[in-house]
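Trainee: I am new to this structure. Could you show it to me and take my questions?

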Amino acid sequence: MIAALGIRLGDPAAYVFLAFAAMTCGSALIVAASRNIVYSAYALLLTFFGVAGLYAFLDADFIAAAQLLVYVGGILVLILFGVMLTHKIRDINLSNETTNPIIGAAIAGFIFLALAYVSIYTKWDVVERTASPTTGEIGKAFVGKYLLPFEASSVLLLGALIGAAYLARREKEKP
Amino acid sequence: MPVANLEWFLLIGAFLFATGVFTILTRKNAVSVLMGVELVLNSANINLVAFSRFVRSPATLGPTSIEFPLQGEAAHHVYGAAWIGGNVFAAFVIILAAAEAAVALAIILGIYRNLGDVDVDEVTAMKG
């Protein structure tokens, strides 16, 4: 039974894993369903934290740290700025309207069932591997095999920086 | 090995993907749609890292268009192990998500300045 579930329930870490999984999925539901956009934004914070915990359970230390730094520290702050700047602050009801929830739920449910079917019924070629630090390997991959995409992404970030600053600036008043 | 099977992580990723798609499809507020996109990107990242951790990777770095002078075991020490590929891909996805969020919010602020609202149904003109 326990082996069939695919989780080592005797291990205390399994309960921490389940807590992270529940936090991720539950807060993702709040993001999708909350009527208040500020609640959605803060639930997204919990989702990002939960995903970072899942990365830690996958022995991906660098990605977990990058998730916290970039998503929680950067993207979430940007989204909160977006919420604050696009609503009149005196609005008591920061509305977050939903259209066609039934069709959307049907499509999302179909996608989830299809993905779950593939996930469970595929014979994955799983290999035993001991955990090892990933940061050094990622660094070697960045300056080795993936040097060209790494440099291209730095140019992309520069372009995004300039483009975002250009788009968000106020138009100069015409003299 | 991690405390849970590959399937657990894939199911969590599938759930996040479905909630993200639901958010993108049903929200009228552009900032909420952006949150849905972030959920979808996170779900893809979970899958990438999970496959990187669990699934057998090719013994060598595999065919590329670039000739690498080192092969086999020596290549692993210099270019990084082959199994790290999923983690590297996830790092690139995080980079892209940061760029995407910055540009998308700049566009949303521009829409708000011009239309006074961020309802995606109202944005029907490319120019003006």
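Trainee: Which residues have the most contacts inside the largest nonpolar core?

Mentor: The model is predicted, so local features need pLDDT of at least 70, side-chain atom pairs count only at pLDDT 80 or more, and totals for chains, interfaces and linings use all residues. Residues are numbered from 1 along each chain as written, chains are lettered from A in the order written, and side-chain values use heavy atoms, without hydrogens or water. A nonpolar core is a set of buried (under 20% relative accessible area, 1.4 Å probe, protein chains only) Ala, Val, Leu, Ile, Met, Phe, Trp, Tyr and Cys residues joined through side-chain atoms within 4.5 Å. This one has 65 residues, and those with the most contacts inside it are A:Phe17, A:Leu44, A:Ile63, A:Ile79, B:Phe9, B:Met35 and B:Ile46.

Trainee: Which element gives the most to this core?

Mentor: Helices here are DSSP runs of H or I, at least four residues, numbered from the N terminus. Those of chain B that give two or more residues include H1 (6-26), H2 (30-54) and H4 (85-115). The top giver, with 12 residues, is H4(B).

Trainee: What does A:Ile63 touch?

Mentor: Contact means heavy atoms within 4.5 Å. Leave out residues up to four places away in sequence. Then A:Ile63 touches A:Tyr55, B:Val49, B:Asn87, B:Ala90, B:Ala91 and B:Ile94.

Trainee: How many residues of chain A are in contact with chain B?

Mentor: Look at both sides of the pairing. Chain B brings 80 residues. On chain A, the number is 92.

Trainee: What area do chain B and chain A bury between them?

Mentor: Buried area is the accessible area (1.4 Å probe) that two parts lose on being put together, summed over both. Carbon and sulfur atoms carry 72% of it here. In chain B, B:Val3, B:Arg27 and B:Met35 lose the most, together 10% of what that side buries. The area for the two chains is about 7700 Å².

Trainee: Which side chains meet in a salt bridge?

Mentor: The rule wants a side-chain nitrogen of Lys or Arg within 4 Å of a carboxyl oxygen of Asp or Glu. Across the interface of chain B and chain A it finds one. At 2.6 Å, N to O, the partners are A:Asp59 and B:Arg53.

Trainee: How many Å apart in space are B:Ile111 and B:Ala50?

Mentor: B:Ile111 lies in helix H4 of chain B. In sequence, B:Ala50 is 61 residues from B:Ile111. C-alpha to C-alpha, the distance is 38 Å.

Notes:
Buried < 20%, exposed > 50% of the residue type's maximum accessible area, 1.4 Å probe, protein only.
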